[in-house]
Amino acid sequence: MNQNDLLNIRHATLQEAKAEMKTLLETRQHNYSLDAALYNDPHMFRVDMEEVFQKEWLFVGMTSEIPKRGDYFTVEIGQNPVLIVRDADGSVNAFHNTCRHRGSRICTEHRGKVANLVCPYHQWTYDLKGNLLFAGTEMGGEFDLKQHGLKKAFCKTAGGFIFISLADKEPVGDFDEFLQTLEEYMEPYDVENTKLAVESNMYEKANWKLVLENNRECYHCSGSHPELLNTLLEWDDINDPRASKEFIDHYNTQAQQWDAEGIPHEHKSYGPGLRNRIVRMPLKKGTKVMTIDGQEGCKKMLGRVKNPQLGSMRILHLPNSWNHMQSDHFIVFRVLPISAQETMVTTKWFVHKDAVEGVDYDVERLRKVWDATNDQDRVLGEQNQLGINSVGYQPGPYSETYEFGVINFLEWYSETIKSNLA
């Protein structure tokens, strides 16, 4: 069997997987979990990567991670290494982290600072806008540098968030409208004057959709997350069908304080399944931020914030991020699939750029609640995956009240896949 035969087999297998996935999504019950193959089959996973993670807008990081010219970080989207770098104009650029010579990765470290981008293999050199500056005389006098610049990925920033897309054409939809709202709602935090305090990477042996499903409901919280529930109120927003009068009254009291300080808080959402969503929610009475005792995480508050009881502004971006913005620090979460049954969850904690570790904040104190919560969710997700792998598994019903967020997520997932396969 030659290489062309193998390519044809792989292509046929992928097309068959796409056709099967489309059928499964068209025939699924909207308030039930998915067929097992959509959670554990490698061919279905490849479709997810091609139709979601190589076509949709993805959250990758924050602009304050690369504050100065030449600062960069890298990220792996499946088998696609990507480089995010700040150029001399202050713009944030995203490039495929692969040299135009023979494809080697250019930046091999997770973070760094460079004057130019130099491939370590043969020293081809690019500027921070991706233009090829040097390829050596070995390429001959007719070689055109202008035709061999780095390949760009679509990149947009708003409110300090960096989003990229690996699509051939820029995705259409209401994403720009969401970015405008994000810019407005993030203004009080002045992200450019924050810094990364600490980050963690957790590998979860579960499909990426199970990670998102777990995040989109708090049905499991009371039995699994004691540290988180020291401060977090389980309700999703004031429209949550479970919301009590006591909670609504608490929200209204907090909202008056937010209005007095000019802090935006109205619920905003965009896209099918509320894929892009921003809502500010109060924390439990008497608590300030998501630390183990609910008291300050950092002595320096962010931006123009003056009220330490700002609550948590929750930002959702499907397919791969949820976030909590608070008065003295904020936390961002990024989900990236690794295989059909493995996912990496990255958590990052940010504080004011002038805050001094050990004086203004303690890293272990910042991390404690979410380190515990992440690990608890990892166990839940892995046990969920093991159960789904069983021949005894069949799709089960979601609660319309406690798990409506999961229903919304799978609505978005289904519609996105079907649209991209059309």
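# Briefing: a cavity and a helix

The lining of the largest cavity has 15 nonpolar, nine polar and ten charged residues. The model is predicted.

**The cavity**

- A search of the whole structure turns up one cavity of 30 Å³ or more.
- The volume of the largest cavity is about 500 Å³.
- Its lining counts 34 residues, and the closest to the cavity centre are Asn214, Asn215, Arg216, Glu217 and His324.
- Two or more lining residues come from each of these elements: β11 (194-204), α5 (208-215), β14, β15, α8 (363-388) and α9 (404-421).
- Helix α8 gives the largest share of the lining, with four residues.

**Helix α4**

- Helix α4 covers residues 175-186, twelve residues in total.
- At 1.5 Å a residue, α4 should span 16 Å, and its end C-alpha atoms are 16 Å apart, so the two values agree.
- Buried in α4 are Phe175, Phe178, Leu179, Thr181, Leu182, Tyr185 and Met186.
- Seen down the axis of α4, these buried residues fall within an arc of 165°, so they line one face of the helix.
- An α-helix has 3.6 residues a turn, so residues three or four places apart point the same way.

Technical notes:
Residues numbered from 1 in each chain as written. Predicted model: local features only at pLDDT ≥ 70, side-chain atom pairs only at ≥ 80, totals over all residues. Heavy atoms only, no water. Expected span 1.5 Å × (residues − 1). Buried < 20%, exposed > 50% of the residue type's maximum accessible area, 1.4 Å probe, protein only. Arc of directions from axis to C-beta. 1 Å grid on protein atoms, 1.4 Å probe; cavity = no way out; pocket = protein on both sides within 12 Å on 5 of 7 lines; lining within 4 Å. Points joined across faces, edges and corners; volume = space filled by probe spheres on them. Nonpolar A, V, L, I, M, F, W, Y, C, P; charged D, E, K, R; others polar.
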